[in-house]
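Here are a few friendly notes to read alongside the model. Please keep the view open as you go through the points.

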Amino acid sequence: MQGQESVIRKLEELLGEVSEQEDYQRFIHDIRRVASLQDQYREQTQQLQVDRLGRTADQLTDEEKAQQQRAGERQTELARQLEDVLNRMLLMRERLQEGDPISAGVLSQVIAIAQQQALSGQMRESGRDIERNRLGHALRVQLEVHEDLVSMLSILSNRHEYRLD
């Protein structure tokens, strides 16, 4: 019986490690997707800026205003998606705190970037700027957010460098 219990404990431990690895891979996938979309939205905002150069919001057609409204809404939705990923990271960090402090520390670094830079808030601000035809400011914010997302992705992708085993 004791041998079986030992095997069961070891299998449960291995399953936990596999689950953790899958969670990390999911985080990498999700942050990469958010960063890619953020870059696409930045390119779209840049094109909007070129198309509307020298015109105020009042001078835009109804279709152009609707186009900017949709672009702003997409940016805001992307902020919500990032918040969902960060919330999952927070939960995982808490689970790992005692059993795997190194992995918890890596997640803490990633979460800290998002919190210190207020990434989701900046993304929402960028969405509002797009809707208000403040495209230059929106572009700057989108670029900064993308750079921070790439930093987060780099930390997650290189987490094995932080491991001791």
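1. Arg-80 is partly exposed, at 36% relative accessibility. In this predicted model, its side chain meets that of Glu-77 in a salt bridge, 2.6 Å from N to O. Glu-77 is partly exposed too, with a relative accessibility of 31%. Both residues sit in helix H2, 3 residues apart, which is about one turn of the helix.

2. There are 10 salt bridges in the structure. Another of them pairs Asp-30 with Arg-88, whose closest N and O atoms are 2.3 Å apart. Asp-30 belongs to helix H1 (residues 2-51) and Arg-88 to helix H2, so this pair ties together parts 58 residues apart in sequence. Asp-30 is buried, at 3% relative accessible area, whereas Arg-88 is partly exposed at 33%.

3. Asp-129 and Arg-134 form a salt bridge as well, with 3.0 Å between the closest N and O atoms. Here Asp-129 is buried at 2% relative accessibility, while Arg-134 is partly exposed at 43%. Elsewhere, shared partners join Arg-26, Asp-30 and Arg-88 into one network of salt bridges.

4. Now for the helix packing: how do H2 and H3 cross? The axes of H2 (residues 62-99) and H3 (residues 101-116) come within 8 Å and cross at roughly 150 degrees. That angle makes the two helices roughly antiparallel, and the crossing is left-handed.

5. Residues of H2 that meet H3 include Leu-86, Met-89 and Leu-90; on the H3 side, Leu-107, Val-110 and Ile-111 are among those taking part. The residues of this contact divide into 11 nonpolar, 4 polar and 2 charged.

Terms used:
Residues are numbered from 1 along each chain as its sequence is written. This is a predicted model: local features need pLDDT of at least 70, side-chain atom pairs count only at pLDDT 80 or more; totals for chains, interfaces and linings use all residues. Side-chain values use heavy atoms; hydrogens and water are left out. Axes are lines fitted to C-alpha atoms, for helices over the stretch in contact, and angles run from 0 to 180 degrees between N-to-C directions. Helices (H or I, at least four residues) and strands (E, at least two) are DSSP runs, numbered from the N terminus. Angles under 35 degrees count as roughly parallel, over 145 as roughly antiparallel, 65 to 115 as roughly perpendicular and the rest as oblique. A crossing is left-handed if the near helix is turned anticlockwise from the far one by less than a right angle, and right-handed if clockwise. Contact means heavy atoms within 4.5 Å. Ala, Val, Leu, Ile, Met, Phe, Trp, Tyr, Cys and Pro count as nonpolar, Asp, Glu, Lys and Arg as charged, and the others, Gly among them, as polar. A salt bridge is a side-chain nitrogen of Lys or Arg within 4 Å of a carboxyl oxygen of Asp or Glu. Buried means under 20% relative accessible area, exposed over 50%, partly exposed in between (1.4 Å probe, protein chains only).
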